[in-house]
Structures are given as structure tokens and as C-alpha cells.
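Here's a quick briefing to read alongside the model. Have the viewer open and follow along topic by topic.

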Amino acid sequence: MTDRPTSTVITSIGSLVTNDPSLISADNPLGLIPDAAVVIDGDRVAWTGPSSKAPPTDNRLDAAGRALLPGFVDSHAHLVFAGDRTAEFAARMSGRPYTAGGIRTTVAATRAASDAELAGNVARLLAEALRQGTTTVETKSGYGLTVHDEARALRIAAEHTSEVTYLGAHVVPPEYADDPAGYVDLVTGGMLDACAPHARWIDVFCERGAFDGDQARAVLEAGVARGLTPRVHANQLTHGPGVLLAVELGAASADHCTHLTDADVDALAGGDTVATLLPGVEFSTRSPYPDARRLLAAGVTVVLATDCNPGTCYSSSMPLMIALAVREMGMTPDEALWAATAGAAKALRRTDIGVIRPGARADLTVLAAPSHRHLAYRPGVPIARALEC
Ligand SMILES: [Zn+2]
């Protein structure tokens, strides 16, 4: 016996989406290979090509004409929480508008929950995502809003994913309602000290009812000084300074981007910050969708994620986001699939996921369908699942 990892070939893949830059062209924007095979060695992709040329391996699987894709990358989720907000959802569907204040309901439930309850919720939601083809999930804190509760949320998140984001600046908690500046001092001081060791990213909800541009800048700059990379909840409910701040500070992503000025679009097109659209939020809050075509026309990198959270989008389904992007935001099926895989990898500044090429992680999703176009063509049908080799 040796320690060499087992190799497996998957043959007769009806349509393989590689997102491999060496295969992408104007005519083939996803680097598709028809009638393809993939060789997996351990946890890595070792080879891709025509099924007829597949090399010998230890094991052999037959995809029987089904499509194979890079696992979906969900670059924006809030999974560490307790309770739900069914009553708020029902009220909103009866005509009440959404404001940022509902977050405080979840904060109270999360503070009251045990570690085991929070960890169980994260595990349940990650398993749910995996069953729908998502193999990487970013998750944030932001429902603790005390030094203890934020640090514990990040510690729990880090046990389940390497993409962990400190979001102490989600909203000002009730005990600081009369002293928001004091809360920003905490977020950039003692809370940051406790949280930075568990996180890769720092985020802020830059929005009316949450944090203004000056407060958001203070939060992000403090995080950068501690080695965290920014990402920003920007321009969700109103025009605001979030997008310009994100680009100026070199954030990996500006998330939401629902209300943009021409200056915002120009900044995104010229910077290193991708635009992550979260159409499940507009769907769940019955709000106008972001203008994906405007961003794409300007050359902005557009990404799709779920924003899975108990208030404004309680869905972990990347296939649903793809279907919404295609049917409600005018993205093509190819653009939406790329945005949910390779694009989303850019939002996490990763090159080992969102792509199927030699050396990439063997994070693969199989469809009970011959083409990725069925993700939008058959909305709500559970055709995607992560492949466990
Ligand atoms: Zn969010």
C-alpha cells in the first residue's frame, strides 16, 4: 500500500463547464467541453478533456450525459444566527417596507442561543447548500454585536469554512442607540482585537439606518490595519457612499449594488472590486432588482450570491439566484453561471475554486440535466448537487 491518493475519472459528461481561461473564447465563454471527462487525484483536478482520450485511473464513474460544473461559490451569507423572522416576512408581504432595523430581532435570539445551537444551524445550512451544489460558502458574524458574541460567532463559523467575515458593524445594537460613535469605537477597538484572529475579511453595512460613510471608513481601515481585507454591504436601499468607499479601499467586493450612480459604475469598472448582486434579497423583499446589464456593459465583474440570512433572503439556493439573474435581471445563462462560480471565486480572491482545470480543487457539481442552461430553464427543480468523489 502507498499513500498516493486515489484517482478517479468521470466519463461521458454531456457538457463540462470548466471556466478555464485557456479554453475560454468569445464563442465559448465558459470553456465548455462537450462529451468530456475529468480526472480527479485526491482532492484536486488532474486532467480535463474529451471522454475518448481519458487516461487510465484507479476508479471510473459514468456521468451518462449529465452536465458537470465547478461547485457554486456563495461569497455572501450570514449563517451564524438563531431564530427566524417569519412574522416580519409575512408583514412585509402585506405591504410593510423593509428597513435595517429587523436585524435586531435576530441579534436578541442569537445572543440567547447556546454555542451548540448556533453551530448546529451553521452545519444545517451548509449541508442544505451542498445538496444544491454549493461547495464554498463565506459567512459573517453580525448578530452578536458584543465582544463575546461576535468572537464566538466567528469562532463557530471558522470551524465550518475558511471564508469568515467580521461584521461587528452590521447595525448599532440597542444598548448603544444613544451612542453610535461609542459603538464604532468598540467595533474598531476591543471587538476587533477579539475577532481579527478568527476572520479573513472585514465588512460593514454602509446604509441609512446602519453606518454612514465616515463610520464605515473607520471600521474598514481599522480592519485593514489588522490584516483583514474589506468587503462592503453597499448601496442596497439607497444611493450612498459604500461603493466608492469599497473601491477606494481596495475591497474584494461591493455587495448589493442596487442603487448606483454613474460614478459608482465607473469606479467599479476601473477598480479591483467586483460587484456582487444578491437577487434573492430583491425577490424576498419585493424590491426592484439591481441593473446587471448596466454593470456588464461597463465592464464590471458581476458576481451572484445568496445573502442567506433570516431577514431579507432566507434561501441558500445558488440555482435560485441563477434563475432570478436570468429571468429578472437579463443576464444570459452563461453570464449567470460564470458569476456564481468563477466570478464568485474572484469575490473571495481565490483561484483554486470556481474552475475545473488541473490543480484546482475537485469541488464539482453534477446536474440531472445535459446543460447548465437548465438551472434557469427549470427554476425551483432540484437538479444540482455537489458530487462527493
Ligand atoms: Zn448581507
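What follows covers the metal site, the sheet and the helices around it.

Keep in mind that this is a predicted model. A zinc ion is held by four protein residues, His76, His78, His233 and Asp307, and 7 strands form an open sheet.

**Zinc site**
- The zinc ion gets its protein donors from NE2 of His76, His78 and His233 plus OD of Asp307, at 2.1 to 2.2 Å.
- Angles among the 4 donor atoms run from 81 to 168°, and the site comes out as irregular.
- Along the sequence, the donor spacing reads H-x1-H-x154-H-x73-D.
- His76 sits in the loop between strand E6 and helix H1, while His233 belongs to strand E11; the two are 157 residues apart, so this pair links distant parts of the chain.
- His76 counts as buried because its relative accessibility is 0%, and His233 is buried too, at 3%.

**The sheet**
- Strand order is E8-E9-E10-E11-E12-E13-E14, with parallel pairing.
- E8 (139-140) and E14 (302-304) are the edge strands: each has a single partner strand, so one side of each lacks a neighbour in the sheet.
- E13 (residues 274-277) runs parallel to E14, joined by 3 bridges; Leu277 has Leu304 in E14 as its bridge partner.
- Helix H7 packs on the sheet and touches E9, E10 and E11, with its direction at about 175° to that of E10.

**Helix H5**
- H5 spans residues 180-188, and its buried residues are Gly182, Tyr183, Val184 and Val187.
- Those buried residues pack against strand E9 (164-169), helix H6 (190-195) and helix H7 (213-225).

Notes: Residues are numbered from 1 along each chain as its sequence is written. This is a predicted model: local features need pLDDT of at least 70, side-chain atom pairs count only at pLDDT 80 or more; totals for chains, interfaces and linings use all residues. Side-chain values use heavy atoms; hydrogens and water are left out. Buried means under 20% relative accessible area, exposed over 50%, partly exposed in between (1.4 Å probe, protein chains only). Helices (H or I, at least four residues) and strands (E, at least two) are DSSP runs, numbered from the N terminus. Contact means heavy atoms within 4.5 Å. Donors are N, O and S atoms within 2.8 Å of the metal (3.2 Å for Na, K and Ca); water is not among the atoms, so sites may look incomplete. Four donors count as tetrahedral if all angles lie between 85 and 135 degrees; four count as square planar and six as octahedral if opposite donors are over 155 degrees apart and all others between 65 and 115; anything else is irregular. Two strands pair if DSSP finds at least two bridges between them. Axes are lines fitted to C-alpha atoms, for helices over the stretch in contact, and angles run from 0 to 180 degrees between N-to-C directions.
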